[in-house]
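Here are my notes for a colleague opening this entry. Please read them with the structure on screen.

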Amino acid sequence: MSKWIVKTLEPFRSLRFLTGLVIVSVFLISFSLNSLQGAEKKENPGVPYQSAIDRFADLDLDRAYEWANIVIRDFPESEEAEKAILLKAMISTIKVQTFDILSKKCGEAMQKAVIYKDKKKNRKLYVEATQRAVEGGEVLVEDAKALFEYAGRPMAVEFKKNYDSSVLFIEAYLPYKMLENGYPPARKEMETIERHQSDMSYCFVLSCFLHSSSPERDEQIAKSFEKKQIIKGNVNWAGCMAAMGDWLIHYAAICKVGWIHPALNTKIKDFEKAKAGYETARRCFENVIKLSSKGRSHNEGRVRARARIKEIDKALSEINKAGEKRKKKR
């Protein structure tokens, strides 16, 4: 190569060198910042826990649940991990209640619909909501079991709402009324209804976890929670266990009676899932009896828990008999 060509290319070589140097420098700075952020997250359980709380405040239940899992995985011995286990149980209870109620609403709409096309659409919504209630129930069984270890420990929690319940109610009012009258809402309208129902379940479940095991009183507190942007208090473990137990019974009943699988389009009964739901619910109500105030001879929470245990035992007996019949047929 001639000296003239080498001299001509020299500035471009220098430019390429400088460009490469800049790129490497930017990469190293970026890597250092990410490492520092990663180190902060690894050393401080409050960072991912706050992310879980922030998503919960947005009513983004799925992402809140994911962040709670990260807290438990990375900081299993921390105080935040204990609260994250509680948060997961709250979210699971909210979701089971949300979709159990929606499935009933869609089932009623299916019966009320006059046009076949509307009945078919409502049936599809009913099937989807029921399936999600079943999926949520499976998760709740595991989350309830994880929480039993902490039942009775003093625990203070604080949650905020980054949304307005009254706005959600206004947005969902007409679609909800349409559904109640048998008219199937459009997909976007159904999402609005779901968000509104999630908010109502959010308020109701928090009222159970933070106050009492009396459904009548919880309903009044839940109404007051709809108007509040910050909800805080000490965990009432008897109320917490009663709420989980109630919705585990709903889940187990669906599995016992059967539900329509959306992909297979056929009715499915799962006695094993039903049994797991009922047995976990029984443990919840046993905890209610143990945790309820012992200062009075008569305690509403304990009386109700005993009644629910009788109901559970009857259902379990029926499942066992059905299992014996299936074995004889084989």
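1. I230 counts as partly exposed, because its relative accessibility is 49%. On this scale, buried means under 20% relative accessible area, exposed means over 50%, and partly exposed lies in between, with a 1.4 Å probe and protein chains only. I230 sits in strand β2, residues 230-234. Strands are DSSP runs of E, at least two residues, and helices are runs of H or I, at least four; both are numbered from the N terminus.

2. Before going on, note that this is a predicted model: local features need pLDDT of at least 70, side-chain atom pairs count only at pLDDT 80 or more, and totals for chains, interfaces and linings use all residues. Residues are numbered from 1 along each chain as its sequence is written, and side-chain values use heavy atoms, with hydrogens and water left out.

3. What does I230 touch, leaving aside its neighbours within four places in sequence? The contacts are E158, F159 and K160, where contact means heavy atoms within 4.5 Å. K160 and I230 are 70 residues apart in sequence, yet their C-alpha atoms are 4.2 Å apart.

4. Helix α4 covers residues 79-112. Its 34 residues should span 50 Å at 1.5 Å a residue, and the end C-alpha atoms are 50 Å apart, so the two agree. The expected span is 1.5 Å times one less than the number of residues. Of the 34 residues in α4, 24 are buried, so the helix is mostly covered.

5. How do α2 and α4 pack? Helix α2 (residues 46-57) meets α4 at an angle of about 20 degrees, with the axes 10 Å apart. Axes are lines fitted to C-alpha atoms over the stretch in contact, and angles run from 0 to 180 degrees between N-to-C directions. The angle makes α2 roughly parallel to α4, a label for angles under 35 degrees. From α2, G46, Y49, A52, I53 and F56 make the contact. From α4 come E80, K83, A84, L87, I91 and I94.

6. L59 lies in the loop between α2 and α3 (61-74). Its phi is near 65 degrees, a positive value in a residue other than glycine. L59 counts as buried, because its relative accessibility is 8%.

7. There are zero disulfides in the structure; a disulfide is a pair of cysteine sulfur atoms within 2.5 Å. For C208, the nearest cysteine sulfur is that of C240, 9.3 Å away. C208 is buried, with a relative accessible area of 4%. C255 is buried too, at 0%.

Notes. Angles under 35 degrees count as roughly parallel, over 145 as roughly antiparallel, 65 to 115 as roughly perpendicular and the rest as oblique.
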